[in-house]
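Hi,

Here is the structure we talked about handing over. Please open it and keep it beside you as you read.

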Amino acid sequence: MTVDHLNRLLLEFSVILLFAVVAVRFATRSGLPSLLIYLGIGVALGQNGLGVTFNNAELTQVLGYAALVVILAEGGLKTSLRAIKPVLPAATVLATFGVAVSVFITAAGAHWLGGFDWRVSLLLGAIVSSTDAAAVFSVLRLVPLPARLTGLLEAESGFNDAPVVILVVAFATTGPLDSWYVLVGTIIGELAVGATVGYAVGKLGSYAVKRIALPSSGLYPIAVMSLALLAYAGGALLHGSGFLAVYIAAVLLGNAKLPHGPAVRGFADGLAWIGQIGMFVVLGLLCNPDTMGSAIVPALVIGAVLVFLARPVSVLLTMTPFRLPWREQALLSWAGLRGAVPIVLATIPLVADIPQAQEVFNIVFILVVVFTLLQGPTLPWVARRLRIGEGSLGQDLDIESAPLEHLHGQLLSVSLSGTSRMSGVEVSELRLPAGSAVTLVVREGTSFVPDRATVLRAHDELLVVTTEEVSEVAERRLRAVDQGGKLAGWLQGRQVH
């Protein structure tokens with residue numbers, strides 16, 4: 001590649017990125033997952049559009065895996081451990097036994113209604129049975145949901161990639177299939193290794209990042225993302241689930257109150273957007289619309305079985321023992337959006353060059369597009385009809401912590417949301433512990449030093465200086481007032497610590 005080639009490539013890449021960024025605004029307003037727009041960009045650039053020729057399935061698979069690692073890391077960093085901890089058993093069962101139920105029912109539909117042999121049917125069932133976090137939450141941002149349901153959706157989307165990848169790789173071979181008990185043992189073993197690696201990297205990494213004061217705030221996001229990638233690579237090289245490892249490590253890192261937390265999440269968010277855009281554009285390039293006509297009917301049939309039978313039955317069988325209300329079960333069934341994961345997994349049989357691999361890819365591509373168009377825009381309407389999400393709390397208080405190494409203290413940067421109950425509270429009513437103080441308030445672009453009678457307002461930004469000993473207590477107190485107002489703690493007859 002010459003410098004001239006590089007200049008052209010950078011020009012084309014920057015134009016595509018800018019167009020994709022603008023397209024996100026349209027997607028947000030319409031409730032349409034942005035993945036469909038990115039796929040459309042790829043198709044428009046391809047052979048039937050501007051004529052770009054691209055048929056490298058192996059490169060597409062590698063790029064897709066890399067993008068999924070970054071997307072899972074970003075999702076884990078933003079996942080509240082407090083929200084998912086109560087639903088971890090339910091999410092684990094849904095992501096394992098629920099996936100098995102969905103694979104079997106979808107495969108039966110592909111075999112009996114689509115006319116495929118059992119091997120191809122099982123492959124199709126495994127590919128499309130994984131929900132996609134990026135697709136789900138691009139739509140769920142429009143609907144505030146109860147913490148239990150949000151945590152369940154987050155955990156399921158993070159966990160179910162691992163068993164599905166194992167099943168697809170097993171079914172996409174040219175030799176004889178392993179016995180079912182061998183598959184189950186492989187899944188359990190890889191999940192155990194992945195979970196162990198992810199937990200170890202997350203715990204040890206957060207301990208190290210907290211205690212090693214880096215000379216620049218820009219190094220913290222790099223360190224955290226490097227740890228997430230380390231978890232994936234370590235888990236995969238030890239023959240475990242790298243996807244599960246990176247998600248668990250990212251969840252632990254994201255909930256460890258690391259320095260410059262918002263900056264870390266913002267950096268990961270940007271990388272995840274680049275990963276999504278690049279991955280879907282490449283997948284769109286790989287698509288050849290001229291060969292997809294014969295796949296439309298099978299895709300609609302298999303998709304209908306998946307969405308209207310397999311997913312609801314898997315949710316019913318796995319969530320009923322956990323006493324999840326039927327309304328939430330219904331929304332959980334409809335919120336099982338497919339996105340990046342199924343299309344990337346559909347490249348595995350292409351790379352393995354098994355019979356009917358191209359037909360499988362075409363069916364999955366059409367299924368994802370059609371049923372995302374059906375489910376995505378209607379999800380907010382379904383939630384309203386089920387009366388789920390009404391009156392949910394606003395977003396958590398945004399607190400960024402920066403170490404003051406030589407002063408043995410912490411500087412907390414606190415951003416109040418528009419729904420924060422800290423609005424209307426005087427500084428003295430925060431009742432911060434001794435050793436901490438609000439030193440600066442930024443309001444509508446103007447900074448001033450507050451006194452004890454200063455009344456805080458929504459969208460204020462505060463600088464709070466604390467000693468190391470009371471920094472965690474001060475942060476818990478700020479979060480308590482944000483959620484419960486100035487009487488938080490007194491209502492229980494004690495101060496919140």
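Leu219 sits in helix H11, which covers residues 219-237. Its relative accessible area is 35%, so Leu219 counts as partly exposed. Now look for Val264. Leu219 and Val264 are 45 residues apart along the chain, and their C-alpha atoms are separated by 9.3 Å. Bear in mind throughout that this is a predicted model.

Next, salt bridges. Side chains of opposite charge can pair when their charged atoms come close. How many salt bridges does a search of the whole structure find? The search finds eight. Here are some of them.

Take Arg148 and Glu328. Their side chains meet in a salt bridge, at 3.2 Å from N to O. This pair links distant parts of the chain, 180 residues apart. Arg148 is in helix H8 (residues 147-159), and Glu328 is in helix H15 (residues 326-334). Are the two partners buried or exposed, or in between? Arg148 is partly exposed, because its relative accessibility is 37%. Glu328 has 11%, so Glu328 counts as buried. The cut-off for buried is under 20%.

Glu156 pairs with Arg311. The closest N and O atoms of this salt bridge are 2.6 Å apart. Glu156 lies in helix H8, while Arg311 lies in helix H14 (residues 296-319), so the pair ties together parts that are 155 residues apart in sequence. Glu156 is buried, because its relative accessible area is 2%. Arg311 is buried as well, with a relative accessible area of 4%.

Glu429 and Lys486 make another salt bridge, with 3.5 Å from N to O. Glu429 is in the loop between strand S2 (409-415) and strand S3 (436-443). Lys486 is in the segment after helix H19 (471-484). The pair therefore ties together parts that are 57 residues apart in sequence. Glu429 has a relative accessible area of 23%, so Glu429 is partly exposed. Lys486 is partly exposed too, with 38%. There is also a network: Glu74, Lys78 and Asp269 are joined by salt bridges that share partners.

Now the surface. Which residues gather in a patch of positive charge? They are Lys85, Lys203, Lys210 and Arg211. Find Lys203 in helix H10, residues 180-211. Lys203 is partly exposed, because its relative accessibility is 43%.

A nonpolar patch is on the surface as well. Trp180, Tyr181, Val182, Val184 and Ile188 form it, and together they have about 560 Å² of accessible area. Ile188 also belongs to helix H10. At 54% relative accessibility, Ile188 counts as exposed, because the cut-off for exposed is over 50%.

Last, helix H2, which covers residues 34-45. How many of the twelve residues are buried? Nine are, so H2 is mostly covered. The buried ones are Ser34, Leu35, Leu36, Ile37, Tyr38, Leu39, Ile41, Gly42 and Leu45.

Please go through these places in the viewer, one by one.

Best wishes

Conventions
Residues are numbered from 1 along each chain as its sequence is written. This is a predicted model: local features need pLDDT of at least 70, side-chain atom pairs count only at pLDDT 80 or more; totals for chains, interfaces and linings use all residues. Side-chain values use heavy atoms; hydrogens and water are left out. Patches are made of residues with over 30% relative accessible area and no salt bridge: like charges are joined within 9 Å, nonpolar side chains (Val, Leu, Ile, Met, Phe, Trp, Tyr) within 5 Å. Accessible areas come from the Shrake-Rupley method with a 1.4 Å probe; for residues, only the protein chains shown count as cover. A salt bridge is a side-chain nitrogen of Lys or Arg within 4 Å of a carboxyl oxygen of Asp or Glu. Lys and Arg count as positive and Asp and Glu as negative; His and the chain ends are not counted. The place of a charge is taken as NZ of Lys, CZ of Arg, CG of Asp or CD of Glu. Helices (H or I, at least four residues) and strands (E, at least two) are DSSP runs, numbered from the N terminus. Buried means under 20% relative accessible area, exposed over 50%, partly exposed in between (1.4 Å probe, protein chains only). The expected span of a helix is 1.5 Å times one less than its number of residues.
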